[in-house]
Amino acid sequence: MQKFDNALAESYSVGAVEVARWEQYALGDAMPFQAMWYTVAPGSASQRDCHPEIEMSVVVSGSAAVETGGTITEVEHGSAFLLASEEAHVVHNRSADTPLLVFSAYWMPRPTTAAEAQ
């Protein structure tokens, strides 16, 4: 068993968001996805992001307001949200005093076979 402690993870800032990527644990190909924790400060939001990976995110603490396609969806503590490949998004923390902590796993989409494309 390996334990990963968010409180001890090395992180860096991206605007108002503190990011701790799991690459720091040197897991190589042990997992079929990449992962990270990120914290959005109270009253702040992430920068608009759009990437080729599919991203599954679990709200660990706080509450997220996830903006995609002009719509904002509330995602409470203990719930999750899935972002499609190339789906532009902003994660808002509308709380005045509680940080938002999110765990995200992300991976590249599977290649589409000729049969699936039809």
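Two strands count as paired if DSSP finds at least two bridges between them. In this predicted model, six strands form an open antiparallel sheet in the order β1-β2-β3-β9-β4-β7.

**Sheet**
- The edge strands, each pairing on one side only, are β1 (12–14) and β7 (80–83).
- Neighbouring strands of the sheet are turned by 25° against each other on average, with direction ignored.
- β3 and β9 (residues 100–107) run antiparallel and are joined by seven bridges.
- T39 has L101 in β9 as its bridge partner.

**Aromatic rings**
- The model has five aromatic pairs.
- One of them is the tilted pair of F4 and Y25, with 4.7 Å centre to centre and 50° between the planes.
- F4 lies in the segment before β1 and Y25 in the loop between β2 (17–21) and β3, so this pair ties together parts 21 residues apart in sequence.
- F4 is partly exposed, with a relative accessible area of 22%, and Y25 is partly exposed with a value of 22%.
- Y25 also forms an edge-to-face pair with W22, at 5.8 Å centre to centre and 90° between the planes.
- W22 has 10% relative accessibility and therefore counts as buried, the cut-off being under 20%.
- Ring pairs link F4, W22, Y25, W37 and F103 into a cluster.

**H51**
- H51 is located in the loop between β3 (34–40) and β4 (54–61).
- H51 counts as buried because its relative accessibility is 12%.
- A polar atom of the H51 side chain lies 3.2 Å from the backbone oxygen of E53.
- Leaving aside residues up to four places away in sequence, H51 touches S85, E86 and H89.

Key. Residues are numbered from 1 along each chain as its sequence is written. This is a predicted model: local features need pLDDT of at least 70, side-chain atom pairs count only at pLDDT 80 or more; totals for chains, interfaces and linings use all residues. Side-chain values use heavy atoms; hydrogens and water are left out. Helices (H or I, at least four residues) and strands (E, at least two) are DSSP runs, numbered from the N terminus. Buried means under 20% relative accessible area, exposed over 50%, partly exposed in between (1.4 Å probe, protein chains only). A polar contact is a pair of N or O atoms within 3.5 Å; within protein, one must be able to donate a hydrogen and the other to accept it, and residues adjacent in sequence count only if both atoms are side-chain atoms. Contact means heavy atoms within 4.5 Å. Axes are lines fitted to C-alpha atoms, for helices over the stretch in contact, and angles run from 0 to 180 degrees between N-to-C directions. Rings of Phe, Tyr and Trp (its six-membered ring) pair if their centres lie within 6.5 Å; planes under 30 degrees apart count as stacked, over 60 as edge-to-face and the rest as tilted.
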